[in-house]
Amino acid sequence: MVSQQLRSHLLWGCAVVLLSTALTIVLLRDCGPPAASGGRGFTVPGPESAAPGFEDELAAQLSAPGVVQPHPVSTADFPQRLAQAIGLSAFELATDADGAVASSEATMVDGGELSSLKIRFSRPAIDTQAWLWRHPEGAERLVVLLHGHNTTARGALGLIGDDYMHGIGRDFFDWGSDVLAVELSSDGVVSGYINARLSLMGGQLYGLWVTAVCGAASKIAADKSYREVVLYGMSNGGFVADMASVLCEGFDLVIVDDILTDLPIHAAASTNKLFQHQQYSLYFLTPFLATLDYRDFLRQAKGAKVYTRTRAYFAENLEETILAAFTAGSLVDYSALSIVFKGAAEHAPEKALLRAIIEGKLATLDGLSLYPLAELKVAE
């Protein structure tokens, strides 16, 4: 009797569980924000007018070899075209009594004075951030440090654990330089959203970063008596440094670490990754990528510039096109334009190499000094 009652309870229990599960599925399917009055809900729309699979067919056509082709045009107005592509004119630093750069009270960190900085904009009305690590007794060199994705300025300074930047900012400080570390993009998806918002006001994320970097560096350099100002960028920070080298005055040396690439070719080969993550690397405000001759970044720098890449990457991806526009020789100290070969393929700073670069000892390294050809070939 007890056994029959137990079986009966089990059957009823299973029925209740199944009914509850089915009801939950129905509720979850229909839940979500309510529809606006007279409209549809905020759910992903299904196929309507287009036949199923149409987008896949179109994507396949655009992925066929030769359909999408860049048309590089090298011209003397490259700085203007770059400024337009990143919407540089949409950004203005604050000029009121509080100034463009506001500093917090410094705290002592490992023998240096660390201050947080607020970089203030009047247009748009936003703030960005930076950190200044100073020697109390003064320094002759300021290094402006630009980090890449998936880390932060404090991470690059070595203040919150190790990452692929390996705390290179701490090394710059230990080698005797003051360090200005600017907060840039960390999360590529969030930065894509920020870029979309900026586009609504005629700007682009790189325009924001270039304005912030150049404005903060100019302000800090004006307040101190530095013999030299060095701009160093790694990964995406290196691309920001590359742009700043063309658009900004005041940097005696720019180091672009492990990012030099033929950007239109890279974008065409990597669209399946880039359109989902770090979206702003594609979405300039003009047909910039379609007309970019990446060698104009090398030709148009306002000061000395050093790129780093592995010898293998240079030989496979850059050598042919660069040597069509430049002659190359052995590295010489204080070269105006150089490529230094990294010792390892790791996407990270190489500390001994960077110390030699900022101390003007290029001739001790492996690489090439580059000299523009007298007659530049301009693509039609």
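Biologist: Which residues does Leu180 touch, not counting residues up to four places away in sequence?

Modeller: Leu180 touches Leu117, Ala130, Trp131, Leu132, Leu142, Val143, Val144, Leu145, Ala216, Ala217 and Ile220. Contact here means heavy atoms within 4.5 Å. Bear in mind that this is a predicted model: local features need pLDDT of at least 70 and side-chain atom pairs pLDDT 80 or more, while totals for chains, interfaces and linings use all residues. Residues are numbered from 1 along each chain as its sequence is written, and side-chain values use heavy atoms, with hydrogens and water left out.

Biologist: And which residues touch the most other members of the largest nonpolar core?

Modeller: Val144, Leu180, Phe251, Phe297 and Ile322, out of 71 residues in that core. Helix H7 (residues 205–223) gives the largest share, eleven residues. Helices are DSSP runs of H or I, at least four residues, and strands are runs of E, at least two, numbered from the N terminus. There is also a second, separate core of 29 residues, which includes Ala181, Leu253, Leu331 and Ile358. A nonpolar core is a set of buried Ala, Val, Leu, Ile, Met, Phe, Trp, Tyr and Cys residues joined through side-chain atoms within 4.5 Å. Buried is under 20% relative accessible area, exposed over 50%, partly exposed in between (1.4 Å probe, protein chains only).

Biologist: Switching to rings, how many aromatic pairs are there?

Modeller: Eleven in the whole structure. Rings of Phe, Tyr and Trp (its six-membered ring) pair if their centres lie within 6.5 Å; planes under 30 degrees apart are stacked, over 60 edge-to-face, and the rest tilted. Tyr206 and Phe284 have ring centres 6.2 Å apart and planes at 20°, so they are stacked. Tyr206 sits in helix H7, and Phe284 in the loop between helix H9 (263–274) and helix H10 (288–291), 78 residues apart.

Biologist: Are Tyr206 and Phe284 buried or exposed?

Modeller: Both are buried. Then there's Phe239 with Phe297, an edge-to-face pair at 5.9 Å centre to centre and 65° between the planes. Phe239 is in helix H8 (residues 236–247) and Phe297 in helix H11 (residues 296–299), so this pair ties together parts 58 residues apart in sequence. Phe239 and Phe297 are buried too.

Biologist: Which residues do ring pairs link into a cluster?

Modeller: Phe78, Tyr206, Phe239, Phe284, Phe288 and Phe297.

Biologist: Last one: where is Ser115, and is Ser115 buried or exposed?

Modeller: Ser115 lies in strand E4 (residues 112–123). Ser115 is buried, at a relative accessible area of 8%. Beyond its neighbours within four places in sequence, its contacts include Ser103, Glu105 and Trp131.
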